[in-house]
Amino acid sequence: MKLIEKYDKTESSRGAAKYCPIYVQTICEKTGESIKNKGLCPYCPTSKTDPYKNFYSLHDSSYLHHVTKIHGILRTGKKIPSPIMSGKFIASKSLGPRSKRSKNIAKQAVTCHCKAIVKVKDNDTDPKKQYLAYFRHYLENHYAGVNKSKKHNNCAK
């Protein structure tokens, strides 16, 4: 079985939706039957060492999850609103299961428009995934996506 790769520039890459991939990579059998499609993320920088790095599958929602949870872009093309506040908060961490002592540690967090405080990663650990927890919070509590009903605005997270 011989595989053929082709790349098509999408219409949306000419300025339309922010959600759509720049290019769609289609891998076909010699017969022309499509095996899989992958979309190139329009937000990730292209890599000269690995040009296929930022292609994500369009069949299993990999592209959707990447663009939504890493870049905060919804399927509709709208951007997830920025948190209203960002900063450090003090969290108490137990020193062990039998210990009654705890220590206070500073954690990075953001405040959602619903007033929920969402712990996020420090920027120096993995800047690409810093707001992953906030984007998940927004999707689970405020976004009425496909087959979902919008939850109440004053969420309990």
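Reply: **The nonpolar core and its setting**

Of the contacts in the protein with a separation of 6 or more, 37% are between residues 24 or more positions apart; a contact means heavy atoms within 4.5 Å. The structure is a predicted model, in which local features need pLDDT of at least 70 and side-chain atom pairs count only at pLDDT 80 or more, while totals for chains, interfaces and linings use all residues. Residues are numbered from 1 along each chain as its sequence is written, and side-chain values use heavy atoms, with hydrogens and water left out.

The pLDDT, the predictor's confidence in each residue on a scale from 0 to 100, averages 75, and 69% of the residues score at least 70. Over residues 147-157 the pLDDT stays under 50, and the model has 22 contacts beyond four places in sequence for that stretch.

The protein has two helices and seven strands, taken as DSSP runs numbered from the N terminus (helices: H or I, at least four residues; strands: E, at least two). From the N terminus on, their order is β-β-β-β-α-β-β-β-α. Of the 157 residues, 32% are buried, where buried means under 20% relative accessible area, exposed over 50% and partly exposed in between (1.4 Å probe, protein chains only).

A nonpolar core is a set of buried Ala, Val, Leu, Ile, Met, Phe, Trp, Tyr and Cys residues joined through side-chain atoms within 4.5 Å. The largest such core has twelve residues: Leu74, Ile80, Val110, Cys112, Cys114, Ala116, Val118, Val120, Tyr134, Phe135, Tyr138 and Leu139. Helix H2 (residues 132-141) gives the largest share of this core, four residues. Tyrosine 134 touches Ile80, Pro81, Ser82, Pro83, Val110, Cys112, Val118 and Val120, leaving aside residues up to four places away in sequence. Another core, of eight residues, lies apart from the largest one and includes Tyr19, Leu64, Val67 and Ile73. In soluble globular proteins, nonpolar side chains tend to be buried together.

The aromatic rings deserve attention next. Two aromatic pairs are found in the whole structure. Rings of Phe, Tyr and Trp (its six-membered ring) pair if their centres lie within 6.5 Å, and planes under 30 degrees apart count as stacked, over 60 as edge-to-face and the rest as tilted. Tyrosine 131 is partly exposed, because its relative accessibility is 30%, whereas phenylalanine 135 is buried, with a relative accessible area of 9%. Tyrosine 134 and phenylalanine 135 form a tilted pair too, 6.0 Å centre to centre with 55° between the planes. Both of these residues are buried, and ring pairs link Tyr131, Tyr134 and Phe135 into a cluster.

The cysteines complete the picture. The whole structure has zero disulfides, a disulfide being a pair of cysteine sulfur atoms within 2.5 Å. Cysteine 112 is in no disulfide, and the nearest cysteine sulfur, that of cysteine 114, is 3.8 Å away. Cysteine 112 counts as buried because its relative accessibility is 0%.

Just after H1, glycine 72 takes a positive phi of about 70°.
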